[in-house]
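The following explanation leads the reader through two interfaces in turn, one within a chain and one between chains. Please keep the sequence and the structure in view while reading.

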Protein chains: 2
Amino acid sequence: MHSPIVVAHSNVARESSLGVDTHCIACKLYPMCLPRGLPDKELEDFGSHIRRRRILHRGRMLYHAGQSSKSLYTIRSGSIKTFALSSEGDEMVEGFYYPGELLGFEALSSEPHDHFALALETTEYCEIPVSPLNRLMLRSESLRRQLIHIITRRITGDRRQGYIRNRRDARSRVAAYLVDVSLRRSRWRKSLDHFQLSMDRRDIAEYLGLTMETVSRCLTQFQREGLLRVKAKWIRLLNQQALRAVCGSDVWEELHRAVV
Amino acid sequence: MHSPIVVAHSNVARESSLGVDTHCIACKLYPMCLPRGLPDKELEDFGSHIRRRRILHRGRMLYHAGQSSKSLYTIRSGSIKTFALSSEGDEMVEGFYYPGELLGFEALSSEPHDHFALALETTEYCEIPVSPLNRLMLRSESLRRQLIHIITRRITGDRRQGYIRNRRDARSRVAAYLVDVSLRRSRWRKSLDHFQLSMDRRDIAEYLGLTMETVSRCLTQFQREGLLRVKAKWIRLLNQQALRAVCGSDVWEELHRAVV
DNA sequence: CGGTCGCTTGAATACCGTCAATTGTAGTGG
DNA sequence: CCACTACAATTGACGGTATTCAAGCGACCG
């Protein structure tokens, strides 16, 4: 059901024996893809080290807290939730990851994972081991630049997420969340206004610092106001303009900049 | 009204012709200092490019939103507040920076600053222009590693800050904030339990997603409970143990790990 | 068909935000 | 040095919003 890119390029393997191609094609779709813009020679090198097309089924962990980290991961399709566990056992949701996005940066500072990464649906990902990556960076100026560029953008992106999550009232947080999901989907050219959330209400709530019930109430209220239609995990945005107004036009701009 | 950097930078040259020394000394105190662990040769090189001992007086801007960014900055003493402005004109506080901490990472991806950085008190900082930094990284494997290490740790650090700011109730947010300040001070061996906040109540409130009044009420309540004494900006923590319990012991551990 | 799980809805409560008044503090000039 | 001013912080009362607890609904699955 959710296997966008794979399907679209199912006839990829024949194009190249090295198998770098699939990644190249992906790069056209994913602006922040790691090897984007690399010279062909280095691209080959890079491609020979990553482990591509791995599959994780819903509910499986990509990695656990405490586990030593040796790789970066990039999502090809599906979605991942990252979270820490408090001593009382409840989840503190850190974020959600969509196709084209990287996670597991702590591998770059050789620290163990400090959180869990869980597949919210069937998810295809690439694993990029850091030790060959480090070796490659010795030779490849452009790879080094690209990596630093990506990490840096991640920092500014997190900053913007912070602006969402810290909004005062529940309404604007939930609105901003929906706009964010919609914008991030637009990156890989999926429908902007009709989509299925892969996480449940509790996850959204934990992420936004609210309760499940409040998130639910906001959604039904938005529906009553004609801003969207919601049926379980399916969302249809009917009036994006108005939704942006709810979350604050400036917040929308921040989010928009983060995606472009 | 707020004119940026300008200011003094007077008697630097006499200590050393290369001027690396002051930075080296700092490195002993600041574990995350950029050139930490560099071979002497490269350290010299590095030191010759940074602009050290710049002074910013209270209320002055280190940089403005929109301004093009060409340097990283590291605090030597004092403190900096970073914030964005919403369209309604109110501040969205992103964070506070203390000695040993780096800011302005967007320079590494050659994007303009998307926020303001303001000195909360008289602040000494170093400016590290990125173009020589990039050139140096071509030759210096260890510098490259160190930079990536620092940026990566910044991401995990931000994640932990997120756990603070997203706590449900005001009490635990304020408590976590105080513990955080205290721990970050401990890095440069300042008093853990008696200190002066450099930001006002409104700044703290905006940072935590609360109001000034709520922050104030939490502080006086903590005082009534005997956890601390507060007089204007001066805080004396009387019972750190209990304070950590208020913010949730696991959050405290997260913060602690971020500092060490 | 009954059971589980995720989601919604309702009512009561607790908490935080708002507004307004007061006190306190720092900075300025007499 | 003190008085004055401007601004920061505190405090109180009130109303609104989110949480809590509990019940009800509906989809999915055995």
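Within chain A, 19 residues of domain 1 are in contact with 16 residues of domain 2. The model is a predicted one, and the domains in question span residues 4-160 for domain 1 and 168-259 for domain 2 of chain A.

The size of an interface is often expressed as the accessible area that is lost when the parts come together. Between domain 1 and domain 2 of chain A, about 1700 Å² is buried, and carbon and sulfur atoms give 55% of this area. On the domain 1 side, the residues that lose the most area to domain 2 are Phe96(A), Tyr98(A) and Arg160(A), which together account for 38% of what that side buries.

The rule finds 3 salt bridges between domain 1 and domain 2 of chain A. Arg187(A) takes part in a salt bridge with Glu101(A), in which the closest N and O atoms are 3.0 Å apart. Strand E5 (91-97) and helix H5 (141-165) of chain A each supply at least two residues of the domain 1 side that touches domain 2. The largest share of that side comes from E5(A), with 6 residues. By residue class, the domain 1 side comprises 10 nonpolar, 2 polar and 7 charged residues.

The second interface lies between the chains. Here the contact takes 45 residues from chain A and 44 residues from chain B. The area buried between chain B and chain A is about 4100 Å², with carbon and sulfur atoms giving 51%.

Across the interface of chain B and chain A, the rule finds 12 salt bridges. Arg160(A), already noted for the area it loses to domain 2 of chain A, meets Asp114(B) in a salt bridge through its side chain, at 3.2 Å from N to O. There are also 14 residue pairs in polar contact between chain B and chain A. The elements of chain B that each supply at least two residues of its side facing chain A include strands E4 (80-85) and E5 (91-97), together with helices H3 (130-139), H4 (141-165), H6 (201-208) and H9 (249-259). H4(B) gives the most to this side, with 17 residues. The side of chain B that touches chain A divides into 15 nonpolar, 11 polar and 18 charged residues.

Note on methods: Residues are numbered from 1 along each chain as its sequence is written. Chains are lettered from A and ligands numbered from 1 in the order in which they are written. This is a predicted model: local features need pLDDT of at least 70, side-chain atom pairs count only at pLDDT 80 or more; totals for chains, interfaces and linings use all residues. Side-chain values use heavy atoms; hydrogens and water are left out. Domain bounds come from an automatic or database domain assignment. Contact means heavy atoms within 4.5 Å. Buried area is the accessible area (1.4 Å probe) that two parts lose on being put together, summed over both. A salt bridge is a side-chain nitrogen of Lys or Arg within 4 Å of a carboxyl oxygen of Asp or Glu. Helices (H or I, at least four residues) and strands (E, at least two) are DSSP runs, numbered from the N terminus. Ala, Val, Leu, Ile, Met, Phe, Trp, Tyr, Cys and Pro count as nonpolar, Asp, Glu, Lys and Arg as charged, and the others, Gly among them, as polar. A polar contact is a pair of N or O atoms within 3.5 Å; within protein, one must be able to donate a hydrogen and the other to accept it, and residues adjacent in sequence count only if both atoms are side-chain atoms.
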